[in-house]
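This report describes a structure with its secondary structure, strand pairing and nonpolar cores in turn. The sequence and the coordinates are shown first.

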Amino acid sequence: MHNKFPNALTIEDVFDRYCNTVYRLAYARVGNKYDAEDVLQTVFLKLHKANANFSDTEHLKAWLLRVTINCSKNLLTSGFFKFTEPLSDAITAPEHEVSDVYLAVAKLPLKYRTAVHLHYFEGYSVKEIAQITKSNEATVKTRLKRARQQLELALKGDEIYV
Amino acid sequence: MFKDEYIKANENINPDESTKRYIKAKLSEPAEKPAIRFNYNAVIAAALSLVLALGVIFIAKKPSFDIAPQNLRLNQKVTYQTVYNTINNYWKQYDEYFMLREEGFSNIKGDPGFAVDNSADMDDGATTGTANTGEASTTNNQVQGVDEADVVKNDGKYIYSVKNGNIIITDSNDGDPKVVNKHFLDQNDKQVKGLFVNGNRLAVILSRYSAYETTASLLIFDITDKENIIEIANKQQDGWYNNARMVGGTVYLLSSYGVRNDIDKSNPETFIPCVDGCTVREDNISLIEDFSSPDYLVVSSINIQSGEVNDTAAVLGGAQNVYCSTENLYYTFSKQNSVENAGEVTYQTETTIVKLKLGEKIETVATGNVKGYPLNQFSMDEYGGNLRIVTTVDMATYTKRNGEIISYSGNAATKNALYVLDNQLKPIGAIEDLAENERVYSVRFDGTVGYFVTFRQTDPLFTVDLKDPANPKILSELKIPGFSEYLHPYGEGRLFGFGKSATEQGSVTGLKVSMFDVSDPTDVTELHLSSVPADWSEASEDHKAIMVDAEKNIIAFVATDKYAKTRLFVYGYSEGNGFFKRTETFISEDDFYFGARFMWINNHFYMVTEDGVMTFSLDTFEKLSYLQF
């Protein structure tokens, strides 16, 4: 069968390589393990079924991140989430061992923490984040800026590096 | 160290092994819908912009192969019919790919704003410095005599800038600037992308992206009376603004026009771009066979005095980086190709270069192909009729058995190369396989010498001898921590570098300025370096945001530190003491500060932003005034 993945990767290879990437973004957005796992599964099943061809691993990765954002968005806007506590509270008792820095990020609004995650963890530039999140560059810049201001307040004394 | 801690925290966040096993088991079942098999090139085409935007990361292992780039041919005898067939064929393949649409990644091609605006240096800027009175600096142009459009220009007395759709004309007035005109453009939803000034003419480049219409236009004003400027021309062409240059009195406006998939054979307007109200004629269209995306590069030459369009050329085949000499315009597009050989498949990025001859008539001259992809416009340089280009080559090899790819064979690498192409873009000289597993961060050519910086952990500055174009030679390789993102010759035997400092292990620590001694090209050394107390600067991404002037001893840029404070930094350089700060002036609490430009006119230095003009003494760099717009 024709391989839709670049560099002759199989779906299992792709999963091994990117499951953490997808899970971490999902966790940053939904803030709990069970929903993050749900997003992880949905994203890879979508990938498995997608009539897609990927030219290279960066295209593939960007696709995965984009779909992760969509899937977690669906989850967050679904009825269940609307009637539950805000995320910031949910994540203060995390299932994973995380530091104060991570908790501070978790308390940011959803859009900010998505931008923060893509910028500081995935290392994407403002321009690239704008493409992945389908927003314009100015918006992403503002989100990062406000996020930094809030993080600085939250982490008084800690230094925030670009 | 927020970033490091955030990364560290994330490393603890992983799905459980049991969850992973469960999902993987589900994935090993066949998918409900089989993937449609189709032309690999078309896929690459669609995602090409992404390849360039994000770069390609491969695991580094020593490669053991070499493949020649595919040659894309130029077809200059096309009819509307052949263009239609080519595009129609492309979309047929593309539709299959586009099953992706519902997954939310439809932007790859559909949205004109997305596809092209990513290669490092598409936007442009600059001034020819047709000095009105006295002496003045110009935009930081790559090539002498080729002006690049920019958001701020001066004519030796007046400063032209843009704010909220207004053209602001400021009289520099010997260090006591005064706004003489705020001219509202009344061009709703069009964005000003750059300006040119030439004698009594001001050209304003506008761009509009919308679902219905994507156009680039050039407004020309008679600015004889600064207080009352008169619009004399408004030329519009299809496509989003890509680039612009001014050579002599001619403005070359470049736009990228992506053809939609609802084209109609009987109506050429649906698949041929329109310039100044007319569909481009068949004899002005060329087509690159086996192109990577159905995008035209549309080039118009416009006389800035008369406001008339002299000529137009449209080349179908996509465009990313643009380099322009006084006589020729070169642009590139890149794609990934695969080659099979003895049970192995090798993927490699390749670049096609298209050469257009400029003048009264714009002619498509030739196409050429090289391995790898260029970083930005500085990766290219024309000298003695030849084009030199530095590229980064990504490759990966996989094992194939019984017609199926079965495994990644571990052969993947990035390498770097320099090619010399003749006036028909045929390769005549090359150096390949440089700096394995690194990629190019900056390039500068200076006549018969070329410099480029690659980076992974340390910063090798390569010096190349190009006296014999058929035999380029590496003269020296200097390794230092960090890397330079912009190189600029700084007087006799000196090369300035602006970039980032890094530890021996390769992690970036902040901005730095470096001065290299290149007087003996076989023994280049870093004479001085100074770290800049800031982390981010627009100058890393746009050469127009830095002024490097050896004669006036000025290195000026704006940078933001970790506390989100943005400052203007002006450095000087002395042989004995290295870099010294001429001024460090706070300008904003704004993070990611864009759009500050620098100039000197007679005895004053001006920093011009959207918000106003800050004036300094050119001798002492004492801040004299701040005029708010």
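Strands here are DSSP runs of E of at least two residues, numbered from the N terminus. By that definition, Arg208(B) belongs to strand β8, residues 201-209 of chain B. The model is a predicted one.

**Chain B overall**

Chain B contains six helices and 42 strands. Of its 629 residues, 52% are buried. Counting contacts in chain B between residues at least 6 apart in sequence, 55% join residues at least 24 apart.

**Strand pairing in chain B**

Strands β30, β31, β32 and β33 of chain B make an open sheet in the order β30-β31-β32-β33, with antiparallel pairing. At its edges are β30 (483-489) and β33 (525-532) of chain B, each of which pairs on one side only. From one strand to the next the twist averages 20°. Within this sheet, Phe498(B) stands opposite Val513(B) of β32(B).

Phe616(B) has Lys623(B) in β42(B) as its bridge partner.

| Strand | Partner strand | Bridges |
|---|---|---|
| β31(B), residues 494-502 | β32(B), residues 508-517 | nine bridges |
| β41(B), residues 612-617 | β42(B), residues 623-628 | five bridges |

In a regular strand, side chains alternate between the two faces of the sheet.

**Two sites in chain B**

Is Arg208(B) buried, exposed or partly exposed? Arg208(B) has 18 other C-beta atoms within 10 Å, and is therefore partly exposed; a buried residue would need 20 or more. Not counting residues up to four places away in sequence, Arg208(B) touches Asp189(B), Lys190(B), Glu213(B), Thr214(B) and Thr215(B). Its C-alpha atom is separated by 8.1 Å from that of Tyr241(B), 33 residues apart along the chain.

Ala470(B) lies in the loop between β28 (458-465) and β29 (473-481) of chain B. Ala470(B) is exposed because 11 other C-beta atoms lie within 10 Å, and the limit for exposed is 12 or fewer. Leaving aside neighbours within four places in sequence, the contacts of Ala470(B) are Ile428(B) and Gly429(B). The C-alpha atoms of Ala470(B) and Val420(B) are 7.1 Å apart, with the two residues 50 apart along the chain.

**Nonpolar cores**

The largest nonpolar core has 146 residues, and those with the most contacts inside it are Ala203(B), Ile205(B) and Val251(B). Strand β36 (residues 554-560) of chain B gives the most to this core, with six residues. Beyond its neighbours within four places in sequence, Ile205(B) is in contact with residues including Ala149(B), Val192(B), Leu218(B), Tyr241(B) and Leu253(B). Apart from this core lies another, of 56 residues, among them Val43(A), Trp63(A), Val101(A) and Ala104(A). In soluble globular proteins, nonpolar side chains tend to be buried together.

**Helix α2 of chain A**

Val43(A) is also among the buried residues of α2(A), as are Asp35(A), Ala36(A), Glu37(A), Val39(A), Leu40(A), Thr42(A), Phe44(A), Leu47(A) and His48(A). How far apart are the end C-alpha atoms of α2(A)? They are 24 Å apart, which agrees with the 24 Å that the 17 residues of the helix (residues 33-49) should span at 1.5 Å a residue.

How values were computed: Residues numbered from 1 in each chain as written. Chains lettered and ligands numbered in written order. Predicted model: local features only at pLDDT ≥ 70, side-chain atom pairs only at ≥ 80, totals over all residues. Helix = DSSP H or I, 4+ residues; strand = E, 2+ residues; numbered from the N terminus. Contact = placed C-beta atoms within 7 Å. Pairing = 2+ DSSP bridges. Expected span 1.5 Å × (residues − 1). Axes fitted to C-alpha atoms, helices over the stretch in contact; angles between N-to-C directions. Core = buried A, V, L, I, M, F, W, Y, C linked by C-beta atoms within 7 Å.
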